[in-house]
Amino acid sequence: ILLRGIDPQDLATSTLQFRDESARVEELGAALRATATDPVVRTDIETFATAHAELNRNYDAALAAFVAAGAQDPRVPDLAVRGQDRPPTDVLEGVVARLEATVADRVAAQGAGVATQHRVLVVVGLIALLLAVATLGLVIAGIVRPIRSLTRAAYDAAHRTLPETVGEIRRSSPASPPAVPAIDVGAADELRELASALGSMQASAVQLAFDQHRAERESADV
């Protein structure tokens, strides 16, 4: 304004631009004060608004003296307002620094929260995997154990129980077929039915050996 004030039209245009920019600063400051949640920031913005209003008054006084003197010598009003923009500028820089620190703290907090959620998800995933493996192991054990038991029972029946029972029939000639132990695999599905069928087959084999031995005795008696 001071450098272009010699031309009345330039003086009016520059002065209007100054008024518009000053009003814009006040508008933005009010909006920031209304949205700020940090009480320190709100106080600093109010301090800035006060300093900015004082700055405007000083500028207006210097400009009025400049115009009254014919707008020819910018040195006097320049000296009158020189350095007066620092107080509101310093306050505004403090507001910006505090807002930046607040944003940085929020970003760090969110990052920590995301890291915590990630760790929780990893732990939950590992627990779920361990539970799945344990469940699978129990299922496999529930299947394999009865099969092994049935296999041992079938082997024992073929190589020990039946030969011993048949030998006992031939040695002692009992009046009735000897009882053979039942086969129990501890399952409640098709394996139990298979064990029952194996037990029936074992009993039938003992009955057949008993009937054959009795027939041989009767034939020998005849």
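Predicted model: local features only at pLDDT ≥ 70, side-chain atom pairs only at ≥ 80, totals over all residues.
Take the contacts in the protein chain between residues at least 6 apart in sequence: 64% of them join residues at least 24 apart. The protein chain has five helices and zero strands.

**Fold and overall shape**
- From the N terminus on, the order of elements in the protein chain is α-α-α-α-α.
- The radius of gyration of the protein chain is 52 Å, while the globule rule gives 17 Å for 222 residues, so the chain is more spread out than a compact globule.
- The C-alpha trace of the protein chain spans about 160 × 30 × 20 Å along its principal axes.

**Surface and burial**
- Of the 222 residues in the protein chain, 21% count as buried.
- The protein chain has an accessible surface of about 15,300 Å².
- Carbon and sulfur atoms account for 63% of that accessible surface.

**Charges**
- The protein chain carries 21 positive and 29 negative charges.
- The mean positions of these positive and negative charges lie 7 Å apart.

- Where does Asn56 sit? Its place is in helix H2, which covers residues 39-68.
- Is Asn56 buried or exposed? Asn56 has a relative accessible area of 11%, and the cut-off for buried is under 20%, so Asn56 counts as buried.
- Which residues does Asn56 contact, leaving aside its neighbours within four places in sequence? Asn56 is in contact with Phe18, Ser22 and Glu26.

Note on methods:
Residues numbered from 1 in each chain as written. Heavy atoms only, no water. Helix = DSSP H or I, 4+ residues; strand = E, 2+ residues; numbered from the N terminus. Rg over C-alpha atoms; globule rule 2.2 N^0.38 Å. Buried < 20%, exposed > 50% of the residue type's maximum accessible area, 1.4 Å probe, protein only. Contact = heavy atoms within 4.5 Å. Areas by Shrake-Rupley, 256 points an atom, 1.4 Å probe, with all protein chains shown as cover. Lys, Arg positive; Asp, Glu negative; His and termini not counted. Charge placed at Lys NZ, Arg CZ, Asp CG, Glu CD.
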